[in-house]
Amino acid sequence: MSLCRNLPRLAERALVVTNYPAEFINSYIENHHYVFDPVYEVSELLDRPFSWDEIPAIVSLREPQLALFGAARVHGLSHGVTVPLHVPGEPRASCTFAASRVVEATPDLLAALHVIASFGFNMALRLYQPARRNAGPKLTRREAECTTLVALGKTDWEIGKILGLGGATVKYFISVAMQRYGVYKRSALVARALMDGQILREVNDGE
């Protein structure tokens, strides 16, 4: 896994969290491979998770980029999924999950990786900007309940049945919770709420 913030533009100030092989990372940084890394290039173009298999259809790969993929394969980084992290008002970043074997990028897997990436991004921001650690908003009980059930994969209809609420009311609470955090995706809301300890251990039904 690799979480990168603004590598090509601000390499000297970038925050990189990774468990890639050290030899590959050292070569990557020393040779400035981040300048032409196609994974990062595509993450700048898309606002959704994508598999590395999609990259050739999105950008034309040049010889140095093909060579970079070849070097990555030598170190067991053959297949990957990258999650662009474009949060308004925050540095642009991406989070990549790579392995030596093919993993089918199903919608459920991509959704799960998006939540993990969002959580990692927010934790990285707190490492990079310590003053943010206690800056999170406070959700109301209903907002926290709805957010918790979103984290459990429940639909609005299921959340409504569990809490005894109408579908429109559920959407309202989730929308307000996202506004509090300044996010536009439910996966980002879940990640932020999880990080702030606002995911509940138990949710009482509305009956």
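A nonpolar core is a set of buried Ala, Val, Leu, Ile, Met, Phe, Trp, Tyr and Cys residues that are joined through side-chain atoms within 4.5 Å. In this predicted model, the largest such core has 18 residues, and those with the most contacts inside it are Leu 139, Cys 146, Ile 159, Ile 174, Val 183 and Leu 189. At least two residues of this core are supplied by each of helix H6 (141–151), helix H7 (156–163), helix H8 (167–181) and H9, and H8 gives the most, with six residues. A second, separate core is made up of 16 residues, among them Tyr 20, Phe 24, Trp 52 and Leu 77. In soluble globular proteins, nonpolar side chains tend to be buried together.

When neighbours within four places in sequence are left aside, Leu 139 is in contact with Ala 144, Thr 147, Ala 177, Arg 180, Tyr 181, Ala 193 and Gln 198.

Arg 192 itself lies in helix H9, which spans residues 186–195. Although Arg 192 is buried, this residue has no salt bridge, and the nearest side chain of opposite charge, that of Asp 196, is 5.0 Å away; a salt bridge would require a side-chain nitrogen of Lys or Arg within 4 Å of a carboxyl oxygen of Asp or Glu.

Among the cysteines, Cys 146 counts as buried because its relative accessible area is 0%, and Cys 95 is likewise buried, at 0% relative accessibility. The count of disulfides in the model comes to zero.

Technical notes: Residues are numbered from 1 along each chain as its sequence is written. This is a predicted model: local features need pLDDT of at least 70, side-chain atom pairs count only at pLDDT 80 or more; totals for chains, interfaces and linings use all residues. Side-chain values use heavy atoms; hydrogens and water are left out. Helices (H or I, at least four residues) and strands (E, at least two) are DSSP runs, numbered from the N terminus. Buried means under 20% relative accessible area, exposed over 50%, partly exposed in between (1.4 Å probe, protein chains only). Lys and Arg count as positive and Asp and Glu as negative; His and the chain ends are not counted. Contact means heavy atoms within 4.5 Å. A disulfide is a pair of cysteine sulfur atoms within 2.5 Å.
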